[in-house]
Amino acid sequence: MQTRSPLYSTTRPTPVGVLTLIASDAGLRAILWPGESTRRAGIANRPRRDPEHPILKQTATQLDEYFAGARTSFDVPLDLEGTRFQVAAWRALASIPFGGTTTYGQQATALGIPTAARAIGAANRANPVCIVLPCHRVIGADGSLTGFAGGLATKQWLLDHEAQVLMSTIVSTPPWQLPRTVQSRLSMPVA
């Protein structure tokens, strides 16, 4: 008989609401939106409140850095529970560049199953670790915002936040530090 590892939780105020963070000793299990049920993240037992748990503290710090514009990727350990397909889809979210977007079809193609766009959408809808695994960066094939557990206004806010962080990085970088393009062809014909 398999014994479930204990879970710990804390809350974190953010610009998109008070998020609930849940972790095991192995890694981050879930980040829940305000009012969201632990059952949606596949958590049946009530976690014990422990804001000092090291993984929860690390997650909170990295979320603070993300919202401050100082972090573009996360490196907290994850303890994901789902089907093999779901976990593969969730882990693939981490490869979407900060400030970028992809479509469900592109995500399915990247996983080697180009006909699974709808299944990817269902897996992303069950993503228990929002923001850290950025399902907000997945949009419809026509470029529209599509379903998001945190709401479409929050999805738009997160995308705008990332665009502003990228823009401020470009604007604040002196021109001599920007990468120069190297001309790979001669500009005039060679006789």
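Is Glu 81 buried, partly exposed or exposed? With a relative accessible area of 38%, Glu 81 is partly exposed. The model shown here is predicted.

**First stop: the strands**

Select residues 8-14, strand S1, together with residues 17-23, strand S2. These strands run antiparallel and are joined by 7 bridges. Within the pair, Thr 11 is placed opposite Thr 20 of S2. Between S1 and S2 there are 2 residues, and the two strands form a hairpin.

S3 pairs with S2 over 4 bridges, in the antiparallel sense. Leu 21 has Ile 31 of S3 as its bridge partner.

**Second stop: Arg 29**

Arg 29 counts as buried because its relative accessibility is 5%, and the cut-off for buried is under 20%. Now display its surroundings. Leaving aside neighbours within four places in sequence, the residues in contact with Arg 29 include Ser 5, Leu 7, Ile 43, Pro 128 and Val 129. Asp 79 and Glu 81 are also among these contacts.

Select Asp 79 beside Arg 29. Their side chains meet in a salt bridge, with an N to O distance of 2.7 Å. This pair links distant parts of the chain, for Arg 29 is in strand S3 while Asp 79 is in the loop between helix H1 (54-68) and helix H2 (84-93), 50 residues apart. Asp 79 is buried, with a relative accessible area of 16%.

Then select Glu 81. A salt bridge of 3.7 Å, N to O, brings together the side chains of Glu 81 and Arg 29. Glu 81 lies in the loop between H1 and H2 and Arg 29 in strand S3, so this pair ties together parts that are 52 residues apart in sequence.

**Last stop: a further salt bridge**

How many salt bridges does the structure hold? There are 7. One of them is formed by the side chains of Arg 71 and Glu 65, at 2.7 Å from N to O. Arg 71 counts as buried at 18% relative accessibility, whereas Glu 65 is partly exposed, with a relative accessible area of 27%.

To finish, select Arg 29, Asp 79 and Glu 81 together: salt bridges that share partners join these residues into one network.

How values were computed. Residues are numbered from 1 along each chain as its sequence is written. This is a predicted model: local features need pLDDT of at least 70, side-chain atom pairs count only at pLDDT 80 or more; totals for chains, interfaces and linings use all residues. Side-chain values use heavy atoms; hydrogens and water are left out. Buried means under 20% relative accessible area, exposed over 50%, partly exposed in between (1.4 Å probe, protein chains only). Contact means heavy atoms within 4.5 Å. Two strands pair if DSSP finds at least two bridges between them. A salt bridge is a side-chain nitrogen of Lys or Arg within 4 Å of a carboxyl oxygen of Asp or Glu.
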